[in-house]
Amino acid sequence: MNAAAPAIVALKGIAAAIIDLDGTMLDTAPDFQVAVNRMRAELDLAPLTQQTIVDFVGKGSENLIRRVLGVDYPAPEVEQRFSAALDSYQSHYAVVNGSYATLYPGVVDGLQAMRDKGLRLACVTNKPLAFAEALLEKTGLRGYFEVVYGGDSFPLKKPDPMPLLAVCADFQLQPAQVVAIGDSSNDAQAARAAGCPVFNVPYGYNHGESIQNVDSDGIVASLLVAAQHISH
Ligand SMILES: O=C(O)COP(=O)(O)O
Ligand SMILES: [Mg+2]
């Protein structure tokens, strides 16, 4: 293990888990790539690589579109083109959503293990809620979750703690009883600010940065490994 990597803390007194979507349960990078590049083609812009695009994923659709326009345009022109580009992207993403995405290893087993331990489950993503709901249905994951919140469910999204605190309130649990699990510093910062324990997974998208440097209660190889480190 990298010397800087935090050891995995075994979490006790946990009654619920909040699971991130993109980069944690599903590798949606190919969906993002196809939808973004269809939008860019409409604007006569060259396609971007999947790596360039996923480094912009995690802070919601508006941020993604500003960043992919920012590859070509200075800030004032990004703002001029933003609204039309976002509309185009969203219409393409609605068609593509889930067509190329794949489940990461250990997701279904991990969710099932958490349910078997009696944990209540919520999904909190910065993806727009309608896209998140459709994707969870398409991939057979929706039934694991009592609650799903998207990036447009509240005035503030991760890394703000607002959506995580809403789940704690829904479940009538203290934040210390609710673990958050995600692939990025967004998830960890939201959890720390909410007072929730947090695990990171190392295989997703972290804004192009190393997950090893993020403050969390540990890096778990999969949701199944996370489940093994959580108990009531
Ligand atoms: O920014 C997004 O659309 C995806 O974000 P997520 O990692 O919170 O699911
Ligand atoms: Mg994520």
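Modeller: A residue is called buried here when its relative accessible area is under 20%, exposed when it is over 50%, and partly exposed in between, using a 1.4 Å probe and protein chains only. Helices (H or I, at least four residues) and strands (E, at least two) are DSSP runs, numbered from the N terminus. The model is predicted, and local features need pLDDT of at least 70, side-chain atom pairs count only at pLDDT 80 or more, while totals for chains, interfaces and linings use all residues. Residues are numbered from 1 along each chain as its sequence is written, chains are lettered from A and ligands numbered from 1 in the order in which they are written, and side-chain values use heavy atoms, with hydrogens and water left out.

I start with the helices and then turn to the site. In helix H3, residues 60-70, the buried positions are Gly-60, Ser-61, Leu-64, Ile-65, Val-68 and Leu-69. Their cover includes H1, H4 and helix H2 (50-54), where contact means heavy atoms within 4.5 Å.

Two packed helices are described by the angle between their axes and the distance between the axes. Here the axes are lines fitted to C-alpha atoms, for helices over the stretch in contact, and the angles run from 0 to 180 degrees between N-to-C directions. Under 35 degrees a pair counts as roughly parallel, over 145 as roughly antiparallel, from 65 to 115 as roughly perpendicular, and the rest as oblique.

H3 and H4 have axes that come within 9 Å and cross at roughly 120°, so the two are oblique to each other. Their crossing is right-handed, the term for a near helix turned clockwise from the far one by less than a right angle, with left-handed being anticlockwise. The H3 side of this contact consists of Ser-61, Glu-62, Leu-64, Ile-65, Arg-66, Leu-69 and Gly-70, and the H4 side of Val-78, Glu-79, Arg-81, Phe-82, Ala-85, Leu-86, Tyr-89 and Gln-90.

H4 (residues 75-96) also packs on H1 (residues 29-42): these axes come within 8 Å and cross at roughly 140°. That angle makes H1 oblique to H4, and this crossing too is right-handed. Among the residues that meet are Phe-32, Ala-35 and Met-39 from H1, and Ala-85, Tyr-89 and Tyr-93 from H4. Also in H1 is Asn-37, which is buried at a relative accessible area of 14%. Beyond four places in sequence, Asn-37 touches Pro-47, Leu-48 and Ile-53.

Now the site. UniProt, in an unreviewed entry, places the feature "binding site" at Asp-20, Asp-22 and Asp-183. The three are spread over 164 residues of sequence but cluster in space, with 8.1 Å as the largest C-alpha distance. The lining of the largest cavity includes Asp-20, Asp-22 and Asp-183. A cavity is a set of points, on a 1 Å grid over the protein atoms alone, where a 1.4 Å probe fits but cannot get out, and lining residues have an atom within 4 Å of a point. Asp-20 is also listed by UniProt, again unreviewed, under "active site". UniProt positions follow the numbering used here, feature names are shortened, and annotations may be inferred rather than shown by experiment.

Asp-20 sits in the loop between S1 and S2 and is buried, at 6% relative accessible area. With residues up to four places away in sequence not counted, Asp-20 touches Met-25, Val-124, Thr-125, Lys-158, Ile-181, Gly-182, Asp-183 and Asp-187.

Asp-22 lies in the loop between strand S1 (16-19) and strand S2 (26-27). Asp-22 is buried, its relative accessible area being 9%. Its contacts outside four places in sequence include Phe-32, Thr-125, Lys-127, Asp-183 and Tyr-205.

Asp-183 belongs to the loop between strand S6 (178-182) and helix H8 (185-194). Asp-183 counts as buried, at 5% relative accessibility. Among the residues it touches, beyond four places in sequence, are Asp-20, Asp-22, Asn-200, Tyr-205 and Ile-211.

Thr-125 is in the loop between strand S4 (120-124) and H6 and is buried, with 1% relative accessible area. Leaving aside neighbours within four places, Thr-125 contacts Asp-20, Leu-21, Asp-22, Ala-132, Tyr-149, Gly-150, Gly-151 and Lys-158.

How values were computed. 1 Å grid on protein atoms, 1.4 Å probe; cavity = no way out; pocket = protein on both sides within 12 Å on 5 of 7 lines; lining within 4 Å.
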